[in-house]
Amino acid sequence: MTGKILVVGSNGQIGTELCLELIRRYGSDKVIASDIREIEGEVSCVFEPLDILDQDRLRMIVTEHGVKQVYLLAALLSATAERNPEFAWRLNMDGLFNVLNLAKEGLIDRVFWPSSIAVFGPNTPKENTPQDTIMQPTTVYGISKQAGENWCQYYFEKFGVDVRSIRYPGLIGYKSLPGGGTTDYAVDIFYQALEHQEYTCFLDEKMKLPMMYMGDAVNATVDIMEQPKENIKVRTSYNLAGFSFTPAELAKEIKHLIPEFKINYDLDYRNDIANSWPDSIDDSVARNDWGWKNEVDLSKLTEIMLANLSPKFNSEK
Ligand code: NAD
Ligand code: AKB
């Protein structure tokens, strides 16, 4: 691969693991991490402080390092965005335009931009939600993702910008802390289970949502970017599915490994957000177009999360 890869939002949940995978596949001299916050954790590559809203600095980093691919992860997620809708719209949209416009100028060859199941709304078919269906999102986050998808397609069709996208479900990993999403309960629950053997959930016990292990999501992300152009037939964003579960089902899995674990429920506005999203996703188009398949199911995920987080809590005791 020619040129360097820039990850914007590298300190977040996806960025932390994505940088490690990119370094594993291409070497640390190929990857540049960047975030508005200072670097944390295990990532061993060049780090550039960057506010994605600062277009001049983005341009400077891209030209100075010879960046040819950008993974744009900086955004406000659903729960945080509802508390600050105007800023969420600005960050989620202007950040995307700043990257797309550099690609339009020919400085960047390929862009990855994540969408979300949040593009769907209460009128969307809930079970096995198809690739193409009704999309009337009711959150500012979902509105920004749906608009972003259409802008990606527009830049591809009008200007030939090679931008690729996945509608991630809720992602669950152990390498970083949750970042303001509605599905993040399914990350936090593991920390609370290990520390307090108890978790108070802000979603209803029967709220079923599509989820995925972070390792699978990161593989899908790099895999879609490695595809030849002709395999990418959807230029809005691809549906992607792992498995679906409710808080009660996740609690039951955790109880198999931590028998004293208890879950309580105290619903808040995030339950309404979750209620507007699908229960499960049909990702057959991604499977057919570029061979996507997931590896990890719910019981494997529970084992991975507890096995990797336990040492952290044992060493803190
Ligand atoms: P996160 O909140 O954990 O990470 C976002 C990172 O962006 C943070 O490190 C933050 O410091 C950084 N950031 C914020 N503002 C910035 C700015 N102005 N300039 C540069 N960096 C900035 O989010 P995440 O879970 O890693 O999600 C990354 C992307 O994937 C987002 O676009 C999100 O919408 C999308 N997504 C995530 C999930 C999920 O379950 N995690 C699901 C669907 C879609
Ligand atoms: C969120 O809950 O906001 C994210 C998402 C599904 O986009 N995890």
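Start by selecting helix 4: at 1.5 Å a residue its 20 residues should span 28 Å, and its end C-alpha atoms are 28 Å apart, which agrees. The expected span here is 1.5 Å times one less than the number of residues, and helices (H or I, at least four residues) and strands (E, at least two) are DSSP runs numbered from the N terminus.

Before going further, a word on the ground rules. This is a predicted model, where local features need pLDDT of at least 70 and side-chain atom pairs count only at pLDDT 80 or more, while totals for chains, interfaces and linings use all residues. Residues are numbered from 1 along each chain as its sequence is written, chains are lettered from A and ligands numbered from 1 in the order written, and side-chain values use heavy atoms, leaving out hydrogens and water.

Stay on helix 4 and colour its buried residues (under 20% relative accessible area, with exposed over 50% and partly exposed in between; 1.4 Å probe, protein chains only). Among them are Leu91, Met93, Leu96, Val99 and Leu100. The buried residues pack against helix 2 (55-65), strand 4 (67-72), helix 3, strand 5 (110-112), helix 5 and strand 7; contact means heavy atoms within 4.5 Å. Just after the helix, look for Gly106, with a positive phi of about 95°.

Next, select helix 5, residues 140-159, which reaches 27 Å from first C-alpha to last, close to the 28 Å expected. Its buried residues include Val140, Tyr141, Cys152 and Tyr155, and the buried set packs against helix 3 (78-83), helix 4 (85-104), strand 6 (115-116), strand 7 (162-164) and strand 8 (166-168). Gly160 follows the helix, its phi positive and near 70°.

Now show Tyr154, also in helix 5. Because its relative accessibility is 37%, Tyr154 counts as partly exposed. With Trp151 and Phe159 it forms a nonpolar surface patch of about 280 Å² accessible area together.

Move on to the open sheet, whose three strands run in the order 6-8-12 with parallel pairing. Strand 6 and strand 12 (238-239) are the edges, each pairing on one side only. Strands pair if DSSP finds at least two bridges between them; strands 6 and 8 have two, and Ser115 has Arg167 in strand 8 as its bridge partner.

Finish at Pro125, in the loop between strand 6 and helix 5. Leaving aside neighbours within four places in sequence, Pro125 is in contact with Pro130 and Thr133.

Note on methods:
Patch = residues over 30% accessible without salt bridge, like charges linked within 9 Å, V, L, I, M, F, W, Y side chains within 5 Å. Areas by Shrake-Rupley, 256 points an atom, 1.4 Å probe, with all protein chains shown as cover. Salt bridge = Lys/Arg side-chain N within 4 Å of Asp/Glu carboxyl O.
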